[in-house]
Amino acid sequence: CSCSIDEIAMVLPFDDYTSLSTAVNAISIGGERGGSMRDSEQVQAMAKRYREVQAKAKKACFVIP
């Protein structure tokens with residue numbers, strides 16, 4: 001929802017957001033192509049950061065119980 005998006009925007013600049021969300025999406029690619037992303041510690045750290053920010057934004061949302 002928009003309150004979650006606003007919360008994420010307060011924490012991350014847009015360029016950081018796109019990099020982190022791309023890392024999360026890349027990890028979900030199956031097979032060998034995704035394996036190189038899943039094996040990268042840097043990509044794993046980026047995905048972890050994205051998930052943390054996303055979870056915090058979800059908690060701040062007044063719509064989602």
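**Figure 1. Contacts and overall build of the predicted protein chain.** Residues 24 or more positions apart account for 58% of the contacts with a separation of 6 or more in the protein chain, a contact being heavy atoms within 4.5 Å. The structure is a predicted model, in which local features need pLDDT of at least 70 and side-chain atom pairs count only at pLDDT 80 or more, while totals for chains, interfaces and linings use all residues. Residues are numbered from 1 along each chain as its sequence is written, and side-chain values use heavy atoms, with hydrogens and water left out. The protein chain holds 4 helices and 0 strands (DSSP runs numbered from the N terminus: helices are H or I with at least four residues, strands are E with at least two). From the N terminus on, the order of elements is α-α-α-α. The C-alpha trace spans about 40 × 25 × 15 Å along its principal axes.

**Figure 2. Confidence along the protein chain.** The average pLDDT (the predictor's confidence in each residue, from 0 to 100) is 87, and 95% of the residues score at least 70. Confidence is lowest in helix α3 (residues 31-38), with a mean of 84, and highest in α2, at 92.

Figure 3. Of the 65 residues in the protein chain, 29% are buried, that is, under 20% relative accessible area with a 1.4 Å probe and protein chains only. In soluble globular proteins, nonpolar side chains tend to be buried together. A nonpolar core is a set of buried Ala, Val, Leu, Ile, Met, Phe, Trp, Tyr and Cys residues joined through side-chain atoms within 4.5 Å. The largest one has 11 residues, including Ile8, Leu20, Val43, Tyr50 and Ala57. Both α2 and α4 give two or more residues to this core, and α4 provides its largest share, 5 residues. Leaving aside residues up to four places away in sequence, Leu20 touches Leu12, Met46, Arg49 and Tyr50.

**Figure 4. The largest pocket.** A pocket is an open set of points, on a 1 Å grid over the protein atoms alone, where a 1.4 Å probe fits, with protein on both sides within 12 Å along at least five of seven lines; lining residues have an atom within 4 Å of a point. The largest pocket has a volume of about 220 Å³, the volume being the space filled by probe spheres set on the points, which are joined across faces, edges and corners. Among its 14 lining residues, Ser4, Ile5, Ile8, Tyr17 and Tyr50 lie nearest the centre. Helices α1 (2-11), α2 (14-27) and α4 (41-60) each supply at least two lining residues.

Technical notes. Buried means under 20% relative accessible area, exposed over 50%, partly exposed in between (1.4 Å probe, protein chains only).
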